[in-house]
Amino acid sequence: MRLDLSHIQRWIAPNSRVLDLGCGDGVFLEFLRDQRQVRGTGLEIDQDYITAAISRGLNVVEQNMDEGLSNFPDHSFDTVVLALALQAVNYPDRVLEEMLRIGREGIVTFPNFGHWRCRLMLGIRGHMPVSGFMPYTWYNTPNIHFCTVNDFEDLCRDKGIRILARNMVGNTRRQPILARKWPNLFATTAIYRITR
Amino acid sequence: MLSEIVNSQSVGIVTPQVAYFDEPLQLTCGRALPNYELVYETYGALNTQRSNAVLICHALSGNHHAAGYHSTDTKKAGWWDECIGPGKPIDTNHFFVVSLNNLGGCHGSTGPNTINPSTGKVWGPDFPPMRTTDWVQSQAKLADHLGIDCWAAVIGGSLGGMQAMRWSLEFPERIRHCVVIAAALKLSAQNLAFNEVARQAIESDPDFFSGTYQDHSKVPARGLSLARMIGHITYLSDDAMANKFGRDLQSGSLDRGDNVGAEFQVQSYLRYQGSQFSGNFDANTYILMTRALDYFDLALRYDNDPVAAFRHAQCSFFVVSFSTDWRFSPVRSREIVNALIAADRPVSYAEIEANEGHDAFLMPIPRYLDVFRAYMQRVAETD
């Protein structure tokens, strides 16, 4: 399982209801269903992912979250997950607000643009960062709203969003210490559990 | 031809069957049918648990012949042969598929051109008006007749999708999955308008005789043909028509000095469709079917609240729409999906990019077939 997902699955209660925004091929919702007896719904716009997720027996709705989530009632889910998709939406702030309207809690993971490698590439080499983790060139990337750990926490403060917990993923699985101590510099992926 | 049938992913040669029901069927309009017949076909085999049965509900001009061929020398397969057969989305290697001609139809089931037992003459325009609910009730009788307690899935496109949704509310314990393709919770004013023009075309044909044309040994072929032509235009998209015909000429030319006149391909195509249809379809049935479509309003009996309506359902839903369908647009399907989400019912939804307009639901569009197959495999795994 993707590293950010293996972190956040611990925050999801058994038998709860989960909405996964940008659920991909549904592997995470399938895990939650099989291991946590979670009742899940996925949102996705990629047609192959939708077919794959339906094959897994999941409920998947083809819907672009940039066009709003108003069709989901208030507090209709326990947890709303936005895993590595925050940077790809048009209005990240609105999506966060909607997540916490629909769910009691939200879980957000995003690539940290403040990571030292990104800074190095931009600051020293003068190029937009491209890495194994963010393999796109600037003109064809689906990621249109990069932020840093500090930026995200500022936004949460401005919006009155409470951070219940956070976790950081470093460059390697074995070295999370730097990422935890100085996340804005060393975290590749930031993971947040938020609520109102 | 036979080898072609055997080699393809076809259910092969099929023979329609008839179920006779001797008990009266109480109808929404207040009247009752004293007895009735339903003609139907089945494909695949019913398993011993009787848990693999799938009901196909047909659309406005459909009938029981959904898949396979009626004889070795017919070239025309059933209307949904793209989706029903071995290895196809509704896989007859797994499912027992039941497809019937609805009451009021003109292909064998009791309808305007069958005999009214109380008069000994054809029903004609006196045949009682049908509602989607009446069809669902009669389909449930057919399920009883076949020994099917619970459908693995009830599936339909367009008006068929409306029947599938009605099933989920009328018999929530008798349906596990509801597949709703290119449908709507109710018709829009624009849709009602098209249906009215179609009916007016038929009713204004001098050979219609207020529906008693059979007494006069006439067929209102011009009206019926015109009604079909109007319908056909609305089932296609602008792009589909542009791709298929453009401004290509069938005959004549647009050259200066040519006073013979030109005929566009789209003209001759529509005329052909119209005349084919008027030879195979009954005018009173067409009027009856369009009225049933008009009157369908899923939530009417639930204080006009589709969310409250869907709270009665217990099955899982799969909803599909097509991007260029302007008769039953994706917006209409999203209304269904949103009501299901608000009612906390399991739903999956796919919006298929397709050029073919409303007719896309009958077409072999790869993404459509893929996602449909994926959903049906899951139905198969849980039956």
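Analyst: Happy to! Let's begin with Phe318(B), which counts as buried because it has 28 C-beta neighbours inside 10 Å; the label buried needs 20 or more other C-beta atoms within 10 Å of a residue's own, exposed means 12 or fewer, and partly exposed is in between, with C-beta atoms placed from the backbone. This is a predicted model, in which local features need pLDDT of at least 70 and side-chain atom pairs count only at pLDDT 80 or more, while totals for chains, interfaces and linings use all residues. Residues are numbered from 1 along each chain as its sequence is written, and chains are lettered from A and ligands numbered from 1 in the order in which they are written.

User: Where is Phe318(B) found, and which residues does Phe318(B) touch?

Analyst: Phe318(B) is in strand E13 (residues 316-322) of chain B; helices (H or I, at least four residues) and strands (E, at least two) are DSSP runs numbered from the N terminus. Leaving out residues up to four places away in sequence, Phe318(B) touches His177(B), Val179(B), Ser348(B) and Tyr375(B). Contact here requires C-beta atoms, placed from the backbone, to lie within 7 Å.

User: Why are H3(A) and H11(B) called roughly parallel?

Analyst: The axes of helix H3 (residues 47-55) of chain A and helix H11 (residues 366-381) of chain B cross at roughly 15° and come within 8 Å. Axes are lines fitted to C-alpha atoms, for helices over the stretch in contact, with angles from 0 to 180 degrees between N-to-C directions. Angles under 35 degrees count as roughly parallel, over 145 as roughly antiparallel, 65 to 115 as roughly perpendicular and the rest as oblique. H3(A) and H11(B) are therefore roughly parallel to each other.

User: Which residues of H3(A) and H11(B) meet?

Analyst: From H3(A), Gln47(A), Ile50(A), Thr51(A), Ile54(A) and Ser55(A) meet H11(B) residues Arg367(B), Asp370(B), Val371(B), Ala374(B), Tyr375(B), Gln377(B) and Arg378(B). This contact has five nonpolar, four polar and three charged residues. Ala, Val, Leu, Ile, Met, Phe, Trp, Tyr, Cys and Pro count as nonpolar, Asp, Glu, Lys and Arg as charged, and the others, Gly among them, as polar.

User: Which residues of H3(A) are buried, and what covers them?

Analyst: The buried residues of H3(A) are Ile50(A), Thr51(A), Ala52(A), Ala53(A), Ile54(A) and Ser55(A). Their cover includes strand E2 (39-44) and E3 of chain A, together with strand E14 (347-352) and H11 of chain B.

User: How many residues does each chain bring to the contact?

Analyst: Chain A gives 14 residues and chain B gives 18 residues. The largest share of the chain A side, five residues, comes from H3(A).

User: What is the phi of Ser210(B), and what is that of Asn304(B)?

Analyst: Phi of Ser210(B) is near 55°, a positive value in a residue other than glycine. Asn304(B) is not a glycine either, and its phi is positive at about 55°. Most residues other than glycine have a negative phi.

Terms used
Two residues are in contact if their C-beta atoms, placed from the backbone, lie within 7 Å.
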